Amino acid sequence: VTNTTTFNYTVTTSGTCINASENGTIIIEPSATLSQTTASSTLNQTVCDNTATTNIEFDLVGSAVGAVVTGLPNGVDLNIIGPTAVISGPPATAVLSPTTYSFTITATTGSGCEVNSYSGEITVLPDDGLTLTSPAATTSQEICVSNDPILSRLTTITYQLSGGATSANFVGLPPGFGTIYNPLSKEYSIYGSTTGSTVTETTIYNYTVTTSGTCAPQTEIGDITIIPVASIDVTSVSSTLNQTICDGDNITPITFDIGGSATNASALGLPLGVTPGPIVGNTITISGPAVVNVVTPTTYTFTVTATGNGTCEEESFTGRIVVLPNDTLTHLSGDRNPTICNGKDPANPGMTPIVYQLGGGATSGLVTGLPNGVSFTYSATTRQLTIHGSPTLAISVPTNFNYTLTTIGTCTSQ
């Protein structure tokens, strides 16, 4: 019997006289039965966490009015849809290792008759796990190109595998950077250094870490920025780095290009008036007149340094500018415009010597326009030029003689 069946019976006597009879009813309830309608393999499944199982379906047969189930993983449920019991859904267990859930589904009935059941297993595999174990700041680093390990070495970035992850793939790391895997701790380390790097402009390397395993992979991202040296390259002739000029004169322009991470350049030690100009393209020119009013030859040793982010290496070059003083001439004594008698008259001792002091770059002097008998002398020791003497002229009227004293030196004369 597969369905509830009613049997009506009658009991009738047999004898000499009138027969007697009685009626009765016997109801036969079938057992409460589950009949699996999906493949038998669905009773034993292996699925990834958060991935739906293959439906397991049963027909409710006989006196079965429903079913109950025990042992299913969280997320997998039993639903009665008409005469069908369906086990379905994605497990949501967050397991860290493969975990087997043994379940039993049993028919239910209101008659108290026999019921049957099925048992099965659902093995849930963990999704891949990937966790950053170094400080969060390590996933976004700036590293200088340098031979100094303090500037050039990456702070190690570490990731730990968990769940079903068995390995990880790293894409986008800078050239020369690599990874090491520790199978005991299941931890990957990213390491590297910019020593020997050929990067000439700031470059950002965006990297991706992706796990491999049985189930859903996990991904982490980060970036490593390589900053080159702030470079500087003199493009004018080498002699421009060692110049000698007169005070007030323009230097021969010094030109240089900046590159790498350089954004500008700074100069120290230049004489007043000599300055770096603005950047044109990537070129800067140092030019201008030295206006320093030196009284002796003065050497200015200067340094020009490329400027970048303030952390990475900055190249520089040095040079020298020697500024020579201009000639100076100062009247010390004696009337510069004397009126004197002609000839050597004992009663008239002649002119009082006119003395001039030479200074600056002046090394000597020359006087022109003096009357005959009047001359000049120069003392290299005192750097004084003296005009002296008595005129011996054939004149009959007072005569003016305009004289000119001119210094002799490397730079501007007086």
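Predicted model: local features only at pLDDT ≥ 70, side-chain atom pairs only at ≥ 80, totals over all residues.
Trainee: How many disulfides does the rule give, and what is the pairing of the bonded cysteines in sequence order?

Mentor: The sulfur atoms of C48 and C215 are joined at 1.9 Å, those of C144 and C312 lie 1.9 Å apart, and C246 is joined to C411 at 1.9 Å. A pair of cysteine sulfur atoms within 2.5 Å is taken as a disulfide, and by this rule the count comes to 3 disulfides. With the bonded cysteines numbered in sequence order, the pairing is 1-3, 2-5, 4-6.

Trainee: Which parts of the chain does the disulfide of C48 and C215 tie together, and how many residues apart are they in sequence?

Mentor: The link of C48 and C215 is left-handed, with -85° about the S-S bond. C48 belongs to strand β4 (residues 44-48), whereas C215 sits in the loop between β17 (203-213) and β18 (219-227), so the bond ties together parts whose separation in sequence is 167 residues.

Trainee: What is the handedness of the disulfide between C144 and C312, and where do the two cysteines lie?

Mentor: The torsion about the S-S bond of C144 and C312 is about -80°, so this disulfide is left-handed. The pair links distant parts of the chain, 168 residues apart, with C144 in strand β12 (residues 140-144) and C312 in the loop between β25 (298-307) and β26 (316-324).

Trainee: Where does C411 lie, and how many residues separate C411 from C246?

Mentor: The disulfide of C246 and C411 has a torsion of about -85° about the S-S bond, so this link is left-handed. Here C246 is in strand β20 (residues 242-246) and C411 in the segment after β32 (404-409), and the separation of the two is 165 residues.

Trainee: What is the exposure of C17 and of C341?

Mentor: Exposed means over 50% relative accessible area, and partly exposed lies between that limit and the 20% limit for burial. C17 has a relative accessible area of 63%, so C17 is exposed. C341 stands at 44% relative accessibility and therefore counts as partly exposed.

Trainee: Which side chain makes a polar contact with the side chain of Q36?

Mentor: Q36 is found in strand β3 (residues 32-36), and with a relative accessible area of 18% Q36 is buried. Beyond its neighbours within four places in sequence, Q36 is in contact with T42, L43, I56, E57, F58 and Y118. A polar atom of the Q36 side chain also lies 3.4 Å from the backbone oxygen of T38. The side chain joined to that of Q36 by a polar contact, at 3.1 Å, is T42.

Trainee: Which side chain of opposite charge is nearest to D327, and how far away is it?

Mentor: D327 lies in strand β27 (residues 327-333), and its side chain reaches the backbone nitrogen of A362 at 3.0 Å and the backbone nitrogen of G409 at 3.4 Å. A salt bridge requires the charged atoms to be within 4 Å. D327 is buried yet has no salt bridge, the nearest side chain of opposite charge being R383, at 6.6 Å.

Notes. Residues numbered from 1 in each chain as written. Heavy atoms only, no water. Helix = DSSP H or I, 4+ residues; strand = E, 2+ residues; numbered from the N terminus. Buried < 20%, exposed > 50% of the residue type's maximum accessible area, 1.4 Å probe, protein only. Contact = heavy atoms within 4.5 Å. Polar contact = N/O pair within 3.5 Å; in protein donor to acceptor, adjacent residues only side chain to side chain. Lys, Arg positive; Asp, Glu negative; His and termini not counted.
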